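Subject: Structure for your files

Hello,

Here is the structure I said I would pass on.

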Amino acid sequence: EVLGATRELVSAVLERNGIDPADLISILFTATPDLVSEFPALAARELGLGDVPLMCATEIAVPHALPRVLRLMAHVETDRERAAVQHVYLRGAVALRRDIAQ
């Protein structure tokens, strides 16, 4: 499930923002402490991002945090204005940032 959800998230971020994988500088993935079955970066590699530096980390274990959440922060070469960036929140993660979720 971690790999499938990560592939879905990476694909949605790239598609909604019109990002060419060649413009990716790096991606940082985080997962809540309850997700330990696989590294999210593996899913990105399976999507063909083998030459992009990828890092995985664990989110802070805040007692009231939403469980089973994967996040990514992509560093990208772009001329797009910050206000034009589409922030992607899928499924229940929309609750994290209703103000910017598309």
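Predicted model: local features only at pLDDT ≥ 70, side-chain atom pairs only at ≥ 80, totals over all residues.

Nonpolar cores. The largest one is made up of 16 residues. Leu24, Ile27, Phe29, Leu49, Val52, Leu54 and Val88 have the most contacts inside it. At least two residues each come from α1 (2–16), β1 (24–31) and α2 (40–46), and α1 gives the most, with five. Leaving aside neighbours within four places in sequence, Leu54 is in contact with Ile27, Phe29, Ala41, Ala44, Arg45 and Leu49. Another core, of five residues, lies apart from the largest one, and Ala5, Ala31, Leu35 and Leu70 are among its members.

Asn17. This residue sits in the loop between α1 and β1. Asn17 has a relative accessible area of 7%, which is under the 20% cut-off, so it counts as buried. Its side chain reaches the backbone oxygen of Val13 at 3.1 Å. Not counting residues up to four places away in sequence, Asn17 touches Arg80, Ala84, Val85 and Gln86.

Largest pocket. The space in it comes to about 1100 Å³. It is lined by 42 residues, of which Leu9, Leu70, Arg71, Leu72 and Val88 are the closest to its centre. The elements giving two or more residues to the lining are α1, β1 and β3 (70–76); β3 has the largest share, with seven residues. By class, the lining has 23 nonpolar, eight polar and eleven charged residues.

Regards

Definitions and conventions: Residues numbered from 1 in each chain as written. Heavy atoms only, no water. Core = buried A, V, L, I, M, F, W, Y, C linked by side-chain atoms within 4.5 Å. Buried < 20%, exposed > 50% of the residue type's maximum accessible area, 1.4 Å probe, protein only. Helix = DSSP H or I, 4+ residues; strand = E, 2+ residues; numbered from the N terminus. Contact = heavy atoms within 4.5 Å. Polar contact = N/O pair within 3.5 Å; in protein donor to acceptor, adjacent residues only side chain to side chain. 1 Å grid on protein atoms, 1.4 Å probe; cavity = no way out; pocket = protein on both sides within 12 Å on 5 of 7 lines; lining within 4 Å. Points joined across faces, edges and corners; volume = space filled by probe spheres on them. Nonpolar A, V, L, I, M, F, W, Y, C, P; charged D, E, K, R; others polar.
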